[in-house]
Amino acid sequence: MTDQQADLEIPADRDALFSQQSDRRRRAVERAKSAPFYAGKLDHLNLDRITEEAEWAKIPILDKEQLRAMDARTFYEDFCISGRREIVEYWRSGGSTGKPLFYPRTAEDIRFGQLGFKRALHLAGFGPDDIAHMSMPLGIHPAGHMMARSGSDAGVGMVWAGGGNTLPSATQLDLVSLFQPTAWIGMASYGIQLGNLAKTEGLDLAASSVERILCSAEPLSASKRQKLSELWGAPVRDCYGMTEAMMLGCEDASMDGFRFWSDFCYPEVLDPDTLEPVAEGTPGLLIITALVTNNATPFVRWNTGDIVTLRTGVTGAGVYDVFPLVKHTHRTAGFVKVRGINIGFTDLEDLMFANTAVSDFRVEIVWQNDRDELDVYVELADDTTGATDQISADIRRVFGLIPRIHVGARGEIAQRFEGAFKPVRVEDLRG
């Protein structure tokens with residue numbers, strides 16, 4: 001085992017991984033049983049057989065609706081299991097439960113949380129020779145500060161820029177020119193926003209010092225990845241996490257899914273209708289159990305809402321071969337219905353960014369003249385001949401809707417997004 005492997009607590013082999021999983025799964029259930037929320041819900045379990053598939057399946061699945069049913073006081077009194085003196089910080093949920101909750105975290109949670117981020121940085125090729133411009137939002141949502149702290153601890157020269165909501169994009173570009181970073185870290189949509197702004201200011205990021213990009217916090221389609229890579233002239237890796245657990249995995253060089261830290265978080269892939277396990281490589285609903293960041297919030301069999309595939313035994317990532325590959329197909333959320341047609345946000349982004357004539361875009365759905373209208377605002381690249389007709393034809397072909405196309409000046413959309421925590425490309429304004 002290498003020193004780096006030991007520092008990151010990567011299991012030596014799959015036997016070591018399964019041994020850790022077995023011990024930690026039992027401990028996860030024991031911790032959940034101490035929460036008033038689970039009173040009477042886990043008493044039927046045989047803990048001596050808990051890792052057997054049939055016994056594990058007896059644990060009720062926890063979903064977002066159950067969290068929505070709890071107000072904050074109930075959540076802290078009934079679901080959380082740590083005392084005040086154990087809590088060192090709070091993490092804001094992503095808001096998928098409606099009104100966001102703030103999850104308490106202990107020092108042990110933070111230690112493992114940073115290990116998850118350090119693994120992602122290491123797998124993505126970051127090291128002590130790097131300077132990384134970090135544009136993920138800083139604040140009570142944990143992704144930005146955990147990424148920055150973990151990178152600093154790993155010896156990476158971290159520029160704690162934060163998101164455009166706290167540091168203006170023009171200043172971010174000034175810092176890129178000043179520090180000449182070898183890497184950029186942030187949400188893909190903001191990276192595209194910075195790239196488009198740089199073009200309007202005559203700055204060619206593709207010719208800059210940046211050699212690698214690491215994204216997180218939002219779905220990354222193939223076309224969005226390509227657009228971001230072209231703007232910055234660097235390969236793009238993605239990493240995956242959630243506030244209920246931690247940073248859960250990162251892409252290796254194949255970029256064919258996330259190496260999932262299954263020693264830190266136990267994954268299941270189930271049929272969305274029957275909730276029975278699916279065959280390896282078959283799309284299904286991702287259910288996770290926090291194994292190490294459960295000292296305050298015992299998330300057991302949490303329904304993530306993600307549809308994924310899971311494969312084991314895939315080689316090519318060195319010491320990370322011990323981990324399974326989890327690959328997203330699409331999210332169950334993230335769509336809007338227009339005139340009875342479901343439009344997936346990721347599908348729409350993929351379609352728009354695949355069009356080389358489109359520099360940037362945003363979408364509004366409005367109610368006008370007694371009907372839904374799909375207004376697409378675009379900024380076009382240099383060669384725009386027939387571009388709007390092609391955009392309209394593509395949207396009609398894929399979604400069966402005729403949009404209204406509005407062409408704006410370069411940089412307008414980036415300016416509109418300036419200051420936003422996360423750029424919202426698709427807005428439903430129908431009230």
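**A charged side chain and its surroundings**

Modeller: D394 counts as buried, because its relative accessibility is 12% and the term buried means under 20% relative accessible area, with exposed meaning over 50% and partly exposed lying in between (1.4 Å probe, protein chains only). The model is a predicted one, in which local features need pLDDT of at least 70 and side-chain atom pairs count only at pLDDT 80 or more, while totals for chains, interfaces and linings use all residues. Residues are numbered from 1 along each chain as its sequence is written, and side-chain values use heavy atoms, with hydrogens and water left out.

The partner of D394 is R397: their side chains form a salt bridge at 3.3 Å, N to O, the term requiring a side-chain nitrogen of Lys or Arg within 4 Å of a carboxyl oxygen of Asp or Glu. Both residues belong to helix α12 (residues 387–399), where they stand three residues apart, about one turn of the helix. Helices here are DSSP runs of H or I with at least four residues, strands are runs of E with at least two, and both are numbered from the N terminus. R397 has a relative accessibility of 58% and therefore counts as exposed, whereas D394, at 12%, is buried.

The structure holds 27 salt bridges. In one of them, the side chains of K224 and E349 meet at 2.7 Å, N to O. This pair links distant parts of the chain, with K224 in helix α10 (residues 222–232) and E349 in helix α11 (residues 345–353), 125 residues apart. K224 and E349 are both buried. A network of salt bridges links R339, E373, D375 and R404.

R111 also forms a salt bridge, in this case with E9, and the closest N and O atoms are 2.8 Å apart. Distant parts of the chain are again linked, since R111 lies in helix α6 and E9 in the loop between α1 and α2, 102 residues apart. R111 is partly exposed, with a relative accessible area of 35%, and E9 is partly exposed at 28%. The backbone at E9 is also of interest: phi is near 55 degrees, a positive value in a residue other than glycine. R301 likewise has a positive phi, near 50 degrees, and is not a glycine. R301 sits in the loop between β11 (284–290) and β12 (302–311) and is buried, with a relative accessible area of 4%.

Helix α6 (residues 107–123) packs against helix α7 (residues 142–153) at an angle of about 75 degrees, with the axes 9 Å apart; axes are lines fitted to C-alpha atoms, for helices over the stretch in contact, and angles run from 0 to 180 degrees between N-to-C directions. The two helices, α6 and α7, are therefore roughly perpendicular to each other, a term that covers 65 to 115 degrees, whereas angles under 35 count as roughly parallel, those over 145 as roughly antiparallel and the rest as oblique. On the α6 side the meeting residues are I110, G113, Q114, F117, K118 and L121, and on the α7 side A143, M146, M147, R149, S150, G151 and D153. S150, a residue of helix α7, is buried at 0% relative accessibility. Leaving aside residues up to four places away in sequence, S150 touches Q114, F117, K118 and L121, where contact means heavy atoms within 4.5 Å.

With I131 and L178, F179 makes a nonpolar surface patch of about 270 Å².

How values were computed. Patch = residues over 30% accessible without salt bridge, like charges linked within 9 Å, V, L, I, M, F, W, Y side chains within 5 Å. Areas by Shrake-Rupley, 256 points an atom, 1.4 Å probe, with all protein chains shown as cover.
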